[in-house]
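Hello,

Here is the structure you asked to look at. Please open it first, then read the notes below alongside it.

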Amino acid sequence: MTKSSSIKTWVRRLLNPEALRYLAADDPEGDRSFAEGAAQVMDKQLDRRQALKAIAGAGAAGAALVQAACAPLGGRSEEAQHRWEEFFKKNYRLMTETERAETVTRLTKLAADDRGGAPHIQTTPAQPGVLFGYAFNISKCKGYQDCVKACIHENNLDRGENMQYIRIFEIENGQQSLASANGSYYHEVPADGHYYLGTQCFHCENPPCVDVCPVGATWKEEDGIVVVDYDWCIGCRYCQAACPYFGRRFNWSAPQVPPESVNREQHYLGNRPRKKGVMEKCTFCIQRTRQGKLPACVEACPTGARVFGNLLDPNSEIRYVLANKKVFRLKEELGTEPKFWYFTD
Amino acid sequence: MAFPGNRDRHGRHLTRMCLLSLLMLVGCSGPKPPHPARVADTIAAHEGPVQGPDTAHLTAELNRVRAEFPGRLQAADFFVETRVNQLKQAPCAQCHAAPVDLDKAPKAHWDIQLEHAGNHMMQCSTCHDPGDHKSSLIFLSGAALSMDHVYQQCGQCHFEQLRDWEGGAHGQRVAAWSGERVVRNCTGCHDPHQPAFPKRWPVHAARPADETLPIQEISHPEEGSAHD
Amino acid sequence: MSPTHLFQFFGDAFLSATRGRLAYHVWMGGLTFLMLLGAYAYSVQLQEGLIVTGMNDHISWGMYISNFTFLVGLAAAAVMLVLPTYILDDVDFGGAVLIGEGVAVAALVMCLAFVTVDLGGPHRVWHMIPKLGYFNWPRSMLTWDVLVLNGYLALNVMVPFYLLYSRYHGVKPDKRKYVPFVVLSVFWAVGIHLVTAFLYAGLPARPFWHNALLGPRFLASAFAAGPAFILMLLGVIDRFTDYGIRVVIFDKLALIITVAAQINLVMLGSELFVEFYQPTEHAESAVYLFFGLNGHDALVPWIRSAVALNLGATLCLSIHPLRRRRGILLAASTLLFLAVWIEKGMGLVVPGFVPGPLGDVVDYHPSWVEIWVTVGIWAMGFFILSGLVKVAIAIETGRMKAKGGDQEVPTESL
């Protein structure tokens, strides 16, 4: 037996003794998808990295089997192979352009199988000379929550758990502390004697969430957007504990989005579908803003309370706000330097 | 392992920690205290004229007109959404051939309730002149003004808002954050006859903070039903 | 150390760990049953996601991480026996130190298990392996924790293994071979608990944890609760096996526990003073913990009983005539252990999240799935501990030793 084939057999046996049996052609009734997927991968010439990965991942692959059992593989072996390769892909930041293109192709195919329509998944990088900033006018916000609704639809947020990136707080005039605010009001707005303050991820210049992540699954992009690699996150939720602004959300269960309302214009680091057990957050609608569009919340705001733009452009609206209005940020004393300012008329 | 093209300060943490231990050993005579990076510094270091993403296709379809400010030599560098093509009851000449006496209650415009700074200050004739200027608005001085440039008229009183609108702190940009700047007109958000935003139900219920409480079924009241 | 010898050793160890009196089998069988229950609960959690726990976006760490935090302390406590025995050459602890290291091993395995069950994607843990994945060291304190915990586990497996293996073969262990590792493990023990404290203390977002006293207090409470647990265990061993534990060991351990418990109380007092003398907004977590906030008071009865237990146990231990009576000593140790478990587990982790960074006050109630998984992991810990202790005693008492030819391990009296 050659060295590579013995590794193959060994890995296969480790992964799934059942699969070996199914490989025997005398069982036409059996579910062969997993075995074939593994076989197809294994029949390729393994380079050292892949082999290492397969071996080191074997322990994890036991768990992968559990995952495979949880989410039954489709009947097609191509799909099984895609899922297999998806499992062993790299951190997005370490991928080459080719690898990025490959994973996008796989994801597109898998998503098309899942939801009955192929999404368009961008990998648009940050553009030089761009640093995104956001300002929120607390005199103008009336608490209508159009932004919340737009965000849910734009970003394919989990409808099952009613996940929301944006929170709008109703605060009594004369108060400033969020502790006395009502973050779950539902009545006619604006309520007399109250003002409204919205929060979301503030895309800090010194994001504590990025520092604490043990696997580097979350980071700050060149244009200031703090993103999550959903396929790299291991779900330890340390970042959620580290965020001083409640900016992060966890998929406690498998997210549910009705297939007909899935937004198919997606970004790898943005609104593409997440899975259970990973962290997600506001990305300033990276799939829109990297194309020059405004975030969905800004576009949906009926009162013009939301200002978005490039901080490095001296002529941008956001720079006008910073230069001409009285602005403040939440918890400035923590040194996180949010790129999200509040201002009044 | 370093990530390519990251402005972040990788590797510095280890250095910083070593430095900290060193500080503890030799006393407090280190070179610099640890200091968080500031946005203001980042901006100062990298700002400049920027060629953002190409957004011509996003603004191409918009009906827009270059903003003008009377009395200025240079034209403004941004555009405003046009108004004329959205109006149904204008110009007045569609229906009115002869001058209309605005002192009488305008029966055909029964649906317009004027709630704008009180009747003593604002009347129909403050902005409209169906006598001489049927296809335009008028300034307080009586001079005509295109409906597309209604912001000039509002700005007669709301000069602070006009200033913020021009700068970008008031109002709303449309379509794109980069490229050609196109903004909503005042009337794009405000009903000029009732400029205050109305009371209404939020379009979405916030997620209750206390998830141990049963989430109540929210019956969404029909639009326009009696809320009082 | 030829492979055959190793094989023999492990074979003997296995036989020794699987043979015993009926009571031993019932005990191990019961633990196995609990482990199976825990495994079933975990399978439900894997299937449905962490939604089946009591955690949510507001309180994103619960029972699992609470137990993890506490158990790191238990693991670190072995150093209180290791330090005097190996480094200060205090022969009195000789018999107990291997037990202490067994506790450390069991506690560390439980720690790793608790962290694993807390993960949303346990099958993606390989992302942490350097080269294959990305190990965010030294930025993330969690990576430090992974390093120190696994390192400490290795140290605590290696040293006792070498000692027992030598004893098994009737060879005198070579000091030059193991003392460097022992010295390392002493620093390492302090390290694991400080790093675990820094995991929390490094988060300015959570004022309740962002506190320089957290690390020292972790150590003090660990050096009280850990030896308390070892003392309880020694009590059990002394009572139920023929492996006698000398009185002087109990006395010395009791003294260590007493001093650590007293220091811990001083620190508690200092913390309470800072929180409540001029209560700021940052004191709200403490208010929630001790008095309840906005009608939410799930933790109040727990923490109050913990403080009462703590005070009572420390008082008992501090009075010499009481401490010298074996029954009272064991009872006080048990109470102290419970008190620290509440205080440092749920009493530390959950209030950090309440009120949330945006002022949300939410109560945390562990779900049944969470409770059963937790019970299962504790059962696993006791299972491992029982096996390790049984083998260690068999070797120490000379019942299990290397022979030529056919192996026969004498049936023990346990």
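Buried area is the accessible area, taken with a 1.4 Å probe, that two parts lose on being put together, summed over both. The size of an interface is often given in this way. Please keep in mind that this is a predicted model.

**Chains A and B**

Between chain A and chain B, about 5500 Å² is buried, and carbon and sulfur atoms give 55% of that area. Chain A puts 70 residues into the contact, and chain B puts in 59 residues. On the chain A side, the residues that lose the most area to chain B are Tyr186(A), Glu188(A) and Glu317(A); together they make up 15% of what that side buries.

Glu317(A) also takes part in a salt bridge, with Arg173(B) as its partner, and the closest N and O atoms are 3.0 Å apart. The count of salt bridges between chain A and chain B is 6. Polar contacts across this interface come to 20 residue pairs, with both residues at pLDDT 80 or more.

Which elements of chain A give two or more residues to the side that touches chain B? They are strands E2 (132-137), E10 (306-310) and E12 (340-343), and helices H7 (146-154), H11 (296-300) and H12 (317-324). By class, that side of chain A has 28 nonpolar, 19 polar and 23 charged residues.

**A salt bridge inside chain A**

Over all chains, the structure holds 40 salt bridges. One of them joins Asp231(A) to Lys89(A), with the closest N and O atoms 2.5 Å apart. Asp231(A) is in the loop between strand E6 (226-228) and helix H9 (238-242), while Lys89(A) is in the loop between helix H5 (77-87) and helix H6 (97-115), so the pair ties together parts of chain A that are 142 residues apart in sequence.

Two packed helices are described by the angle between their axes and the distance between the axes.

In chain C, helix H2 (residues 22-48) and helix H15 (residues 368-396) cross at roughly 145°, and their axes come within 7 Å. The crossing of H2(C) and H15(C) is left-handed. Their contact has 18 nonpolar, 6 polar and 1 charged residues.

Helix H4 (residues 79-87) of chain C packs against helix H7 (residues 175-201) of chain C at an angle of about 145°, with the axes 10 Å apart. H4(C) and H7(C) also make a left-handed crossing. From H4(C), the residues in contact are Val79(C), Val82(C), Leu83(C), Tyr86(C) and Ile87(C); from H7(C), they include Tyr178(C), Val182(C), Val183(C) and Ser185(C). This contact has 10 nonpolar residues, 1 polar residue and no charged residues.

**Backbone details**

Where are the cis peptide bonds that I noted? One runs from Val189(A) to Pro190(A), with omega near -5°. Pro190(A) is in the loop between strand E3 (167-172) and strand E4 (194-199) of chain A. Another runs from Trp137(C) to Pro138(C), with omega near 10°, and Pro138(C) is in the loop between helix H5 (94-118) and helix H6 (141-168) of chain C.

Ala117(B) is not a glycine, yet it has a positive phi of about 65°. Its place is the loop between strand E2 (79-81) and helix H4 (124-127) of chain B. Asn294(C) has a positive phi too, near 50°, and lies in the loop between helix H10 (284-290) and helix H11 (300-318) of chain C.

Regards

Key: Residues numbered from 1 in each chain as written. Chains lettered and ligands numbered in written order. Predicted model: local features only at pLDDT ≥ 70, side-chain atom pairs only at ≥ 80, totals over all residues. Heavy atoms only, no water. Axes fitted to C-alpha atoms, helices over the stretch in contact; angles between N-to-C directions. Helix = DSSP H or I, 4+ residues; strand = E, 2+ residues; numbered from the N terminus. Left-handed = near helix turned anticlockwise from the far one by under 90°. Contact = heavy atoms within 4.5 Å. Nonpolar A, V, L, I, M, F, W, Y, C, P; charged D, E, K, R; others polar. Salt bridge = Lys/Arg side-chain N within 4 Å of Asp/Glu carboxyl O. Polar contact = N/O pair within 3.5 Å; in protein donor to acceptor, adjacent residues only side chain to side chain.
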